[in-house]
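Hi everyone, thanks for coming. Let me put today's structure on the screen, and then we'll walk through it together.

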Amino acid sequence: MMAGDLFLEGYSGESLAEILALEVTHRLDSLVLAVESALYNRYEAGEDLSAPERSVLAVEAFERELNNGGFAQFFYNPSAEFADVLVASLEAIGCSSAASLAQEAINTLALDSLDAAGIEARMDEADSLLEDSLSQLDDAFYATQEDIASALFAFIKAHQANITLVSGN
């Protein structure tokens, strides 16, 4: 089997260093998913996360939702709680095309603030213009060639001093 072909099946308590060491043998997207899973567990437990940790969650939620249903799905689902840091997070990992499209999508919502409740209320409105605009942005996103998973993995490596997977670790 060639290096980078294995898929890490979830997070099971590994340290960040252990996950990063799998870079040679495992798919980067699977490693990023494992890091996200560990961070999301901390987030769900109500722990404060560092800015790089929130960026990981925002970018992974963005990529997952866009690949499964587009910007509308990102804004409809709990992932919308990361909308306020999404553009800066995408820029921080070097995905400027995705950041630009995310900003356009956020602008399309035409909200004064990006809180989850406001986004949910906006998405619950029957607005075919909003749906069409988001759909066009979906198409533009799918046409981009940015490798978000690889960029996010590089970001995780560069910020590993500020990323903790388990409480007290």
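To begin, how many helices and how many strands does the chain have? The chain has 8 helices and 0 strands. Here helices (H or I, at least four residues) and strands (E, at least two) are DSSP runs, numbered from the N terminus.

A word on where this comes from. This is a predicted model, in which local features need pLDDT of at least 70 and side-chain atom pairs count only at pLDDT 80 or more, while totals for chains, interfaces and linings use all residues. Residues are numbered from 1 along each chain as its sequence is written, and side-chain values use heavy atoms, with hydrogens and water left out.

Now the overall shape. Along the principal axes, the C-alpha atoms fill a box of roughly 45 × 35 × 25 Å. Of the 169 residues, 41% count as buried. Buried means under 20% relative accessible area, exposed means over 50%, and partly exposed is in between (1.4 Å probe, protein chains only).

Let's go inside. Which residues touch the most other members of the largest nonpolar core? They are F62, F71, F75, L90, I93, I156 and L165, in a core of 51 residues. A nonpolar core, by the way, is a set of buried Ala, Val, Leu, Ile, Met, Phe, Trp, Tyr and Cys residues joined through side-chain atoms within 4.5 Å. Helix 3 gives the most to this core, with 10 residues. Take L165 from that list: leaving aside residues up to four places away in sequence, L165 touches Y11, E14, S15, L16, I19, V35, A38, L39 and R42. Contact here means heavy atoms within 4.5 Å.

Several of those neighbours sit in helix 2, so let's go there next. Among the buried residues of helix 2 are V35, A38, L39 and R42. The buried residues of helix 2 pack against helix 1, helix 3 and helix 8. Just after helix 2, G46 takes a positive phi of about 85 degrees.

Helix 2 also holds a pair of rings. Y40 and Y43 form a tilted aromatic pair, 5.6 Å centre to centre with 40 degrees between the planes. For the rule: rings of Phe, Tyr and Trp (its six-membered ring) pair if their centres lie within 6.5 Å; planes under 30 degrees apart count as stacked, over 60 as edge-to-face and the rest as tilted. Being 3 residues apart in helix 2 (residues 28-44), the two tyrosines are separated by about one helical turn. Y40 is partly exposed at 28% relative accessible area, and Y43 is partly exposed at 21%.

Next, a pair of phenylalanines. The ring centres of F62 and F141 are 5.4 Å apart and their planes are at 80 degrees, so this pair is edge-to-face. F62 lies in helix 3 and F141 in helix 7, so the pair ties together parts that are 79 residues apart in sequence. F62 is buried at 0% relative accessibility, and F141 is buried at 7%. Both belong to one aromatic cluster, together with F71, F74, F75 and Y142.

Last stop: helix 5, residues 96-109. Which of its residues are buried? They are A98, A99, L101, A102, A105, I106 and L109. The buried residues of helix 5 pack against helix 3, helix 4, helix 6, helix 7 and helix 8.

Helix 6 has a residue worth a look here too, R122. R122 is buried, with a relative accessible area of 11%, and its contacts include T108 and L109.

Finally, A110 is in the loop between helix 5 and helix 6. A110 has a positive phi of about 55 degrees although it is not a glycine. Most residues other than glycine have a negative phi. A110 is exposed, with a relative accessible area of 61%.

That's the tour, thank you!
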